[in-house]
Amino acid sequence: MPDTNVAPPIAFIDLDAQRRAIGPRMEEAILKVVRSCRFILGPEVAQLEAELSAFAGVPHTLSCANGTDALALALMAWEIRPGDAVLCPSFTFAATAEVVAWLGATPVFVDVREDSFNMDPASLEAGIETAKRMGLRPRAVITVDLFGQPADYDALLPIARAHALKVLVDAAQSFGATHHGKHVAAIGDMAATSFFPAKPLGCYGDGGAVFCHDPETLDVLQSLRVHGQNNEDKYENIRVGMNGRLDTVQAAVLLEKLRVFPAEIEARQTVAARYNAALADVAIVPTVAPHNVSVWAQYTLRTPGRDRTAVLAGLKARGIPTAIYYPKPLHHQKAYAKHPVAGNGLPVSERLAGEVFALPFHPYLDETTQDRIISAVRDVLA
Ligand SMILES: *Cc1c(COP(=O)(O)O)cnc(C)c1O
């Protein structure tokens, strides 16, 4: 007989809870695509693009194969090339800088603020100067809305404008978040997101999207997505592109998930508020600026002065899974260490990498489970 007193295991992100909540509609939507055999650019793809545009209040959406391709498509549309500098944070997922390096351009790493984990405007200014001093052309900045909170656009956008930099919002973790009521996908010159399953709006595989403001850019993105084709004559190739389409099956999955997404964003606020209220006296809890709504892609704590390895081991012993986003800033990673950093270095990114850890978080985290996590954290930090 199983011991019924043993509490069930806790998932870091419980995708199956969401699947159960959506119910049989999802299986039906997937089967419909399978029966139609329109696997590539079927009607669900254009429908999803229209619904994402309406949801985020952005004129044009181009779906694509993943969030990394979404970032690359935007930079390719701007013809970013060798000799160009693209400013980006170092405290982020590798894809943010990877796409810059793909194009032979130079990522210039910028520091973040410790209260928001997002790009520090002063460090952006320093990074632009660093790029110029090295003889590079500063062309664009990739802001990242880390862990789901919009970056400090009130300060960052004017700096970008003053230096004629294009702004690409890496909204891989923040799709659905708002800044002064505006969706992150509508901020900047273009935005990119990811539908990787663990992201706030995830599909059942890989997926992504690019958001833009004018039909000319959309036309270029559409061409780039299918091998640089002439959109009017597909066997004419007018630029070097990629194969970056979103599968129809994934579009069907996302259409169903989009229906429950607003309620999930609400639920995420409740879960985050409960964590904050219960843990603020034992750890540094994440803060969200009053003009921002975060989608809480991660719930990240800091316990400076404590041995993080020991804290995480204590949580593991109590059955609580954790994760570290990110243990090593990009400017310390082998693949990116050769690229320049802003000013005299990135001290905040380096410190945060040694302090942060994330707790289980998803919109279906029930209070009983969350209370188990909270008491384990309090116990370990006592
Ligand atoms: C996940 C992520 C990406 C890449 O998205 P994929 O769909 O995995 O290619 C890019 N930037 C950030 C900040 C991410 O978190």
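**Around the ligand**

Lys199 places a polar side-chain atom 2.6 Å from an oxygen atom of the ligand. Please keep in mind as we go that this is a predicted model. The protein covers 92% of the 380 Å² of accessible area that the ligand has on its own. Around the ligand there are 15 residues, and those that come nearest are Gly67, Thr68, Asp170, Ser194 and Lys199. Gly67 takes part through its backbone: one of its polar backbone atoms is 2.7 Å from an oxygen atom of the ligand. Gln173 uses its side chain instead, with a polar atom 2.8 Å from a ligand oxygen.

Now to the salt bridges, as you asked. The whole structure has 19 of them. One joins the side chains of Glu49 and Arg225, at 3.0 Å from N to O. Glu49 belongs to helix 3 and Arg225 to helix 8 (residues 215-225), so this pair ties together parts that lie 176 residues apart in sequence. Are these two partners buried or exposed? Glu49 counts as buried because its relative accessibility is 12%, which is under the 20% cut-off. Arg225 is likewise buried, at 6% relative accessibility.

A second salt bridge connects the side chains of Arg318 and Asp379, with 2.8 Å from N to O. This pair also links distant parts of the chain: Arg318 sits in the loop between helix 10 (308-317) and helix 11 (347-355), while Asp379 is in helix 12 (residues 367-381), 61 residues apart. Here Arg318 is partly exposed, with a relative accessible area of 38%, and Asp379 is partly exposed as well, at 45%.

Salt bridges with shared partners also join Asp16, Arg19, Arg20 and Glu27 into one network. Within it, the side chains of Arg19 and Glu27 meet at 3.5 Å, N to O. Arg19 has a relative accessible area of 35% and is therefore partly exposed; Glu27, at 40%, is partly exposed too.

Leu41 is found in the loop between helix 2 (24-36) and helix 3 (43-56), and its relative accessible area of 37% makes it partly exposed.

Terms used: Residues numbered from 1 in each chain as written. Predicted model: local features only at pLDDT ≥ 70, side-chain atom pairs only at ≥ 80, totals over all residues. Heavy atoms only, no water. Helix = DSSP H or I, 4+ residues; strand = E, 2+ residues; numbered from the N terminus. Buried < 20%, exposed > 50% of the residue type's maximum accessible area, 1.4 Å probe, protein only. Near = heavy atom within 4 Å. Polar contact = N/O pair within 3.5 Å; in protein donor to acceptor, adjacent residues only side chain to side chain. Areas by Shrake-Rupley, 256 points an atom, 1.4 Å probe, with all protein chains shown as cover. Salt bridge = Lys/Arg side-chain N within 4 Å of Asp/Glu carboxyl O.
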